[in-house]
Amino acid sequence: MKEKLLLLHGALGSKKQFDSIKEVLGNTYDVYDMNFEGHGGAESQRDYSIEVFSENVIDFLETNSINQINIFGYSMGGYVALHTALKVPYKIKKIITLGTKFEWDLDSAEKETRMLNPLKIEEKVPHFAKMLEKEHYPLDWKIIMEKTAAMMLDMGKGAKLNDNDFGRINQNVVIGVGSLDTMVSYEESEIVSELLPNSKLITLEGVEHPINKIESQTIVDYIISNL
């Protein structure tokens, strides 16, 4: 029987981020993916939070009668995976993250949210705005961006995992950070890796943060070699 693997997308993304790797991973694993609420066309009337997205994962596992699963989480997806492991530790086997940001104080949150201005993006990066519009149709990508920015600010104010939380996550966790990632530092990844009881930290040479700039085979190899 194949190992089960759930793919969790990043902020502003959707499960479409994994279209290029799902089929290949399916040769080795029983692969699942999902949209967090408010993303990829999945409606949401709630404010975004890591707690809410963890609820989405737990509901998904229950709906699909999954007793236990491994998780690969890209960026925010990795953070949600770790949070979910705290909520339902018996359901999560192993976690692999890539490009997950762990340093959330007010300064870092404000720095990230300054880049999440829908009007400026529409004006200065119209191709990105069009991509978001297509990825989240029929939802309004501008609302998604505003809710994401609010969530990040909340994390900067304290709505985040703390040192004690990381110390209670007993699953094997692989933390991956790209050597060219300008959003996530090796240092913040190393700090969390040392807090986790069973963790391995890996640098992916030549890898940037945006998932669409990472070779599909690089992601596949990273997952297979660490699961």
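Ala, Val, Leu, Ile, Met, Phe, Trp, Tyr, Cys and Pro are counted here as nonpolar, Asp, Glu, Lys and Arg as charged, and the others, Gly among them, as polar. The views below are taken from a predicted model.

**View 1. The largest pocket and the residues closest to its centre.** This pocket has a volume of about 1100 Å³. Its lining consists of 35 residues, of which Y74, F128, H209, P210 and N212 lie closest to the centre.

**View 2. Helices in the lining of the largest pocket.** Two or more residues each are given to this lining by helix 1 (19-25), helix 6 (126-136) and helix 10 (216-226). Helix 6 makes the greatest contribution, five residues.

**View 3. Residue classes in the lining of the largest pocket.** The lining comprises 19 nonpolar residues, 10 polar residues and six charged residues.

**View 4. The second largest pocket and its lining.** The volume of this pocket is about 160 Å³. Its lining is formed by F102, E103 and W104, by K160, L161, N162, D163 and F166, and by E188, I191, V192 and L195. Helix 8 (163-167) and helix 9 (186-195) are the elements that supply two or more residues to the lining of the second largest pocket. The largest share, four residues, belongs to helix 9.

**View 5. Residue classes in the lining of the second largest pocket.** Seven residues of this lining are nonpolar, one is polar and four are charged.

Conventions: Residues are numbered from 1 along each chain as its sequence is written. This is a predicted model: local features need pLDDT of at least 70, side-chain atom pairs count only at pLDDT 80 or more; totals for chains, interfaces and linings use all residues. Side-chain values use heavy atoms; hydrogens and water are left out. On a 1 Å grid over the protein atoms alone, a cavity is a set of points where a 1.4 Å probe fits but cannot get out, and a pocket is an open set with protein on both sides within 12 Å along at least five of seven lines; lining residues have an atom within 4 Å of a point. Grid points are joined across faces, edges and corners, and a volume is the space filled by probe spheres set on the points.
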